[in-house]
Amino acid sequence: KLFQPDYLLLSGELSYRPVVTVSYFTDYFLWGLNPKGFHLTNIFLQSANALLFYLFLKRIVRRNTVAFIAALLFATHPALTETVNAISYREDLLAALFFLISFILFLKVDRDPLTRGKYLLYSTGALFSYFLSLFSKEMPVTLPILLVLGNLFCFSSTSIRYPFAKGTKGIYLGYLIITGFYLFIRFVLFRHTYLRLDRYHDNIFVMVKVLASYLRILFFPGNLNADYVVPPAANGVISLLISVFLVVTVAILIIRMCRNDKRCWFFPLWFFITLLPVSNIIPLENVMAERYLYIPIMGFCGVIGMLIQNCISGKNLATIGFVVIIIIASITSIYRNGIWRDEFTLWYSTVNREPGSVRAHLNLGVVHNAKGFYDYAELEYKKTLE
């Protein structure tokens with residue numbers, strides 16, 4: 001059934017993600033319906049991604065301190081609690097896992113002196129990992145762009161040129177072929193009819209507000225929410241102007257930070273480029289969600305790692321400040337884990353933070369109904385209809 005047109009109907013997915021579905025099959029084989037086993041898999045994937053991110057950064061920036069700081073921030077950032085706690089958001093974990101593996105293997109092909117056999121082994125592994133990443137979620141479609149940017153800003157001077165492979169032209173071609181194959185599968189063979197192209201007529205302005213909200217979450221991850229309601233831009237001109245100001249300010253800061261070191265450009269571009277597939281260029285059911293930040297946040301962590309490394313060199317006060325930030329992030333993540341412990345705490349918290357959420361009111365009504373609190377359930381259902 002994984003390779004048949006009725007996959008979308010049977011799996012409940014809105015797009016073709018067979019790698020994720022196979023992971024659920026595997027968990028069910030190991031654990032049955034015990035949710036602890038499924039959560040354990042998510043925790044393992046998050047830990048593996050933090051380790052791979054550290055190894056990746058070591059190859060990119062060649063500074064252990066930067067890699068450690070960025071990976072530690074990635075491992076503790078509260079914005080990622082949604083992705084790890086919700087079993088059904090595992091696609092982001094798997095997509096990031098194979099995304100990083102593919103990038104690391106590409107770096108070995110591009111930078112390390114290899115024999116012909118190892119070149120073929122690593123390049124095949126990089127392409128196959130990219131293939132698995134795409135069929136976990138759509139966001140890794142941006143990986144070929146990042147490979148080009150990496151060569152442009154970070155490691156072009158150390159690239160190896162193989163006489164038998166003509167550099168990395170062959171592997172770039174492989175990435176393009178796999179991307180084309182995936183796009184055919186995604187938008188032709190397994191296209192979901194639920195896709196709506198008329199969701200917003202002012203997508204650009206809406207996404208400016210969403211981008212500003214994402215930047216706020218990265219720097220100040222408080223008031224996190226399981227279901228964000230983003231009104232049309234015309235409904236909040238002042239909030240739109242504030243969003244534009246915040247985005248422009250961040251852009252100016254990035255330009256000033258990167259003008260003396262071109263390697264710094266790679267990580268901000270990572271954030272913005274990997275966010276493109278979920279930027280409602282093609283309208284999505286969820287205009288904004290914290291899980292969409294799972295891969296883009298790696299770019300943010302890379303920027304912060306480089307900034308902090310420059311600040312803490314020989315400065316005890318800056319080191320103490322970074323430790324305090326990590327402690328606060330860890331405590332906030334633990335608190336958010338508590339919000340996700342059951343459906344009542346999750347949707348009750350969501351309703352309080354986002355009173356206009358249709359999904360939150362509906363799900364809270366379902367929880368009350370299951371517990372026999374029919375008056376509360378009726379109240380939530382009426383709010384849902386409103």
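Predicted model: local features only at pLDDT ≥ 70, side-chain atom pairs only at ≥ 80, totals over all residues.
I began with Tyr294, which counts as buried at a relative accessible area of 0%. By that I mean under 20% relative accessible area, with exposed over 50% and partly exposed in between, using a 1.4 Å probe on protein chains only. Residues are numbered from 1 along each chain as its sequence is written, and side-chain values use heavy atoms, leaving out hydrogens and water.

**Aromatic pairs**

I searched the whole structure and got 23 aromatic pairs. My rule: rings of Phe, Tyr and Trp (its six-membered ring) pair if their centres lie within 6.5 Å, with planes under 30 degrees apart stacked, over 60 edge-to-face and the rest tilted.

Which ring pairs with Tyr294? Phe74 does, edge-to-face, at 5.4 Å centre to centre and 70° between the planes. Phe74 sits in helix α4 (residues 64-76) and Tyr294 in the loop between α12 (266-275) and α13 (296-312), so their pair ties together parts 220 residues apart in sequence. Helices here are DSSP runs (H or I, at least four residues), numbered from the N terminus. Phe74 is buried too, at 0% relative accessibility.

Next I looked up Phe99 and Trp270, whose ring centres are 5.5 Å apart with planes at 75°, so this pair is edge-to-face. Phe99 belongs to helix α6 and Trp270 to helix α12, so the pair links parts 171 residues apart in sequence. Phe99 is buried at 0%, and Trp270 is buried at 1%.

I also noted one aromatic cluster made of Tyr7, Tyr16, Phe128, Phe131, Phe135, Phe181 and Tyr182.

**Nonpolar cores**

I then asked how many residues the largest nonpolar core has. It has 97, and those with the most contacts inside it are Phe53, Phe56, Phe74, Phe103, Tyr175, Phe266 and Trp270. A core is a set of buried Ala, Val, Leu, Ile, Met, Phe, Trp, Tyr and Cys residues joined through side-chain atoms within 4.5 Å. Helix α6 (residues 90-111) gives the largest share of this core, 13 residues. Apart from this core lies another, of 10 residues, among them Ala86, Tyr89, Leu346 and Ala360.

**Charges over rings**

Tyr89 turned up again: the charged end of Arg291 sits over its ring, 4.0 Å from the centre. My cut-offs are NZ of Lys or CZ of Arg within 6 Å of the ring centre and within 35 degrees of the ring normal. Arg186 likewise has its charged end over the ring of Phe187, 5.0 Å from the centre.

Technical notes
Helix = DSSP H or I, 4+ residues; strand = E, 2+ residues; numbered from the N terminus.
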